[in-house]
Amino acid sequence: MSQDCIFCKIVQGEIPATIVYQDELATAFRDINPQAPMHVLVVPNRHIDDITALSEADEPLAGHLLRVAAQVAAQEGLATPDRGFRVLVNYGDEGGLVVHHLHVHVLGGRKMGWPPG
Ligand code: AMP
Ligand code: ZN
(Lines give C-alpha, C1' and ligand atoms only; values in the text may rest on other atoms or scores of the structure.)
(Ligands and ions follow the chains in the order given, each with its own letter.)
Protein backbone atom coordinates (compact mmCIF):
# COMPACT_ATOMS: atom_id res chain seq x y z
CA MET A 1 0.00 0.00 0.00
CA SER A 2 1.38 3.35 -1.04
CA GLN A 3 0.56 6.26 1.24
CA ASP A 4 -2.14 8.57 -0.13
CA CYS A 5 -2.72 6.43 -3.23
CA ILE A 6 -6.40 6.59 -4.08
CA PHE A 7 -6.45 3.22 -5.87
CA CYS A 8 -4.61 1.48 -2.99
CA LYS A 9 -7.35 2.85 -0.75
CA ILE A 10 -10.05 1.47 -3.05
CA VAL A 11 -8.34 -1.95 -3.06
CA GLN A 12 -8.20 -1.89 0.75
CA GLY A 13 -11.84 -0.78 0.99
CA GLU A 14 -10.85 2.48 2.68
CA ILE A 15 -12.70 4.63 0.18
CA PRO A 16 -15.87 3.60 -1.62
CA ALA A 17 -16.00 2.31 -5.17
CA THR A 18 -18.30 0.06 -7.13
CA ILE A 19 -16.19 -3.07 -7.28
CA VAL A 20 -17.24 -5.41 -10.08
CA TYR A 21 -14.52 -8.05 -9.63
CA GLN A 22 -11.80 -8.81 -7.09
CA ASP A 23 -9.34 -11.63 -6.51
CA GLU A 24 -6.02 -12.01 -4.71
CA LEU A 25 -4.11 -10.13 -7.42
CA ALA A 26 -6.46 -7.60 -8.96
CA THR A 27 -9.48 -5.39 -8.36
CA ALA A 28 -11.88 -3.98 -10.97
CA PHE A 29 -14.17 -1.05 -10.18
CA ARG A 30 -16.30 1.45 -12.09
CA ASP A 31 -14.62 4.67 -13.17
CA ILE A 32 -16.03 7.64 -11.26
CA ASN A 33 -16.11 9.72 -14.46
CA PRO A 34 -17.14 7.20 -17.12
CA GLN A 35 -16.18 7.93 -20.72
CA ALA A 36 -18.51 5.24 -22.08
CA PRO A 37 -21.63 3.43 -20.83
CA MET A 38 -19.27 0.80 -19.38
CA HIS A 39 -15.99 2.13 -17.98
CA VAL A 40 -14.14 -0.05 -15.50
CA LEU A 41 -10.59 0.20 -14.17
CA VAL A 42 -8.61 -2.98 -13.48
CA VAL A 43 -5.77 -2.47 -11.01
CA PRO A 44 -3.18 -4.70 -9.36
CA ASN A 45 -3.90 -4.99 -5.63
CA ARG A 46 -0.22 -4.29 -4.99
CA HIS A 47 0.87 -0.73 -5.71
CA ILE A 48 2.77 -0.39 -9.00
CA ASP A 49 3.33 3.18 -10.16
CA ASP A 50 2.56 2.74 -13.86
CA ILE A 51 3.17 0.57 -16.92
CA THR A 52 6.85 1.57 -17.09
CA ALA A 53 7.40 0.27 -13.54
CA LEU A 54 6.44 -3.32 -14.45
CA SER A 55 9.34 -5.72 -13.94
CA GLU A 56 9.96 -9.02 -15.69
CA ALA A 57 8.65 -10.73 -12.56
CA ASP A 58 5.39 -8.81 -13.00
CA GLU A 59 4.65 -10.36 -16.40
CA PRO A 60 2.16 -12.93 -15.03
CA LEU A 61 0.41 -10.14 -13.13
CA ALA A 62 0.28 -7.94 -16.25
CA GLY A 63 -1.26 -10.84 -18.17
CA HIS A 64 -3.74 -11.39 -15.37
CA LEU A 65 -4.87 -7.75 -15.58
CA LEU A 66 -5.63 -8.25 -19.28
CA ARG A 67 -7.55 -11.43 -18.61
CA VAL A 68 -9.57 -9.76 -15.87
CA ALA A 69 -10.31 -6.91 -18.31
CA ALA A 70 -11.79 -9.41 -20.76
CA GLN A 71 -13.68 -11.17 -17.97
CA VAL A 72 -15.23 -7.90 -16.83
CA ALA A 73 -16.26 -7.13 -20.42
CA ALA A 74 -17.84 -10.58 -20.62
CA GLN A 75 -19.63 -9.98 -17.32
CA GLU A 76 -21.07 -6.80 -18.89
CA GLY A 77 -22.21 -8.71 -21.98
CA LEU A 78 -19.72 -6.96 -24.26
CA ALA A 79 -17.28 -9.77 -25.08
CA THR A 80 -18.97 -10.65 -28.37
CA PRO A 81 -17.83 -9.63 -31.87
CA ASP A 82 -20.98 -7.57 -32.52
CA ARG A 83 -20.65 -5.61 -29.28
CA GLY A 84 -17.00 -5.26 -28.27
CA PHE A 85 -14.95 -3.14 -25.93
CA ARG A 86 -11.62 -1.33 -25.68
CA VAL A 87 -8.72 -1.89 -23.28
CA LEU A 88 -6.09 0.80 -22.76
CA VAL A 89 -3.35 1.99 -20.46
CA ASN A 90 -2.30 5.63 -20.32
CA TYR A 91 1.23 6.83 -19.59
CA GLY A 92 2.77 10.26 -19.33
CA ASP A 93 1.39 13.72 -20.01
CA GLU A 94 0.78 13.06 -23.70
CA GLY A 95 -0.70 9.65 -22.93
CA GLY A 96 -3.10 11.21 -20.43
CA LEU A 97 -1.95 9.51 -17.22
CA VAL A 98 -3.34 11.14 -14.06
CA VAL A 99 -3.49 8.51 -11.32
CA HIS A 100 -0.13 6.91 -10.52
CA HIS A 101 -1.27 3.40 -9.63
CA LEU A 102 -1.20 1.12 -12.68
CA HIS A 103 -4.69 0.71 -14.13
CA VAL A 104 -6.18 -0.81 -17.25
CA HIS A 105 -9.21 1.00 -18.64
CA VAL A 106 -12.01 -1.18 -20.02
CA LEU A 107 -14.53 0.81 -22.04
CA GLY A 108 -17.58 -0.29 -23.95
CA GLY A 109 -21.26 0.10 -24.65
CA ARG A 110 -20.81 2.53 -27.53
CA LYS A 111 -18.95 2.63 -30.84
CA MET A 112 -15.32 3.60 -30.18
CA GLY A 113 -13.59 6.06 -32.47
CA TRP A 114 -10.25 5.38 -34.14
CA PRO A 115 -7.76 6.93 -33.92
CA PRO A 116 -8.36 7.92 -30.30
CA GLY A 117 -8.48 11.66 -29.71
P1 AMP B 1 -5.78 8.01 -16.10
O2 AMP B 1 -6.08 9.30 -16.79
O3 AMP B 1 -5.42 6.90 -17.04
O4 AMP B 1 -4.77 8.20 -14.98
O5 AMP B 1 -7.15 7.54 -15.47
C6 AMP B 1 -7.52 7.78 -14.16
C7 AMP B 1 -8.98 7.43 -14.07
O8 AMP B 1 -9.31 7.25 -12.71
C9 AMP B 1 -9.91 8.50 -14.62
O10 AMP B 1 -10.71 7.93 -15.66
C11 AMP B 1 -10.74 8.92 -13.42
O12 AMP B 1 -12.07 9.22 -13.73
C13 AMP B 1 -10.63 7.69 -12.52
N14 AMP B 1 -10.79 7.92 -11.10
C15 AMP B 1 -10.19 8.87 -10.34
N16 AMP B 1 -10.57 8.77 -9.06
C17 AMP B 1 -11.44 7.73 -9.00
C18 AMP B 1 -12.18 7.11 -7.94
N19 AMP B 1 -12.13 7.55 -6.68
N20 AMP B 1 -12.98 6.07 -8.25
C21 AMP B 1 -13.07 5.61 -9.53
N22 AMP B 1 -12.38 6.13 -10.55
C23 AMP B 1 -11.58 7.18 -10.29
ZN1 ZN C 1 -1.55 2.50 -5.14
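Author: Let us start with R30, which is partly exposed, its relative accessible area being 34%. The model is predicted, so local features need pLDDT of at least 70 and side-chain atom pairs count only at pLDDT 80 or more, while totals for chains, interfaces and linings use all residues. Residues are numbered from 1 along each chain as its sequence is written, chains are lettered from A and ligands numbered from 1 in the order in which they are written, and side-chain values use heavy atoms, leaving out hydrogens and water.

Reader: Where are the cut-offs for buried, partly exposed and exposed?

Author: Buried means under 20% relative accessible area, exposed means over 50%, and partly exposed is in between (1.4 Å probe, protein chains only). Here D58 is buried at 8%, E76 is partly exposed at 27%, and D4 is exposed at 67%.

Reader: Thanks! Which residue forms a salt bridge with R30?

Author: Side chains of opposite charge can pair when their charged atoms come close. A salt bridge is counted when a side-chain nitrogen of Lys or Arg is within 4 Å of a carboxyl oxygen of Asp or Glu. R30 pairs in this way with E76, and their closest N and O atoms are 2.8 Å apart. This pair links distant parts of the chain: R30 is in strand 2, E76 is in the loop between helix 2 (59-75) and strand 4, and 46 residues separate them.

Reader: How many salt bridges does a search of the whole structure find?

Author: The search finds three. In another one, D58 meets R46, with 2.6 Å between the closest N and O atoms. D58 and R46 lie in the loop between strand 3 (38-44) and helix 2, so the pair ties together parts that are twelve residues apart in sequence. There is also a salt bridge between the side chains of K9 and D4, at 3.8 Å from N to O.

Reader: How do strand 1 and strand 2 pair?

Author: Helices (H or I, at least four residues) and strands (E, at least two) are DSSP runs, numbered from the N terminus. Two strands pair if DSSP finds at least two bridges between them. Strand 1 (residues 19-22) and strand 2 (residues 26-30) are antiparallel, with three bridges. A hairpin of three residues joins strand 1 to strand 2, and Q22 stands opposite T27 in strand 2.

Reader: Which residues come nearest to ligand 1?

Author: There are 16 residues around ligand 1, and D31, N90, G96, V98 and H103 come nearest; a residue is near if one of its heavy atoms lies within 4 Å. For polar contacts to a ligand, look for a pair of N or O atoms within 3.5 Å. A side-chain N or O atom of D31 is 2.5 Å from an oxygen atom of ligand 1, and a polar side-chain atom of H103 is 2.7 Å from an oxygen atom of ligand 1. I32 uses a backbone N or O atom, which lies 3.1 Å from a nitrogen atom of ligand 1.

Definitions and conventions:
A polar contact is a pair of N or O atoms within 3.5 Å; within protein, one must be able to donate a hydrogen and the other to accept it, and residues adjacent in sequence count only if both atoms are side-chain atoms.
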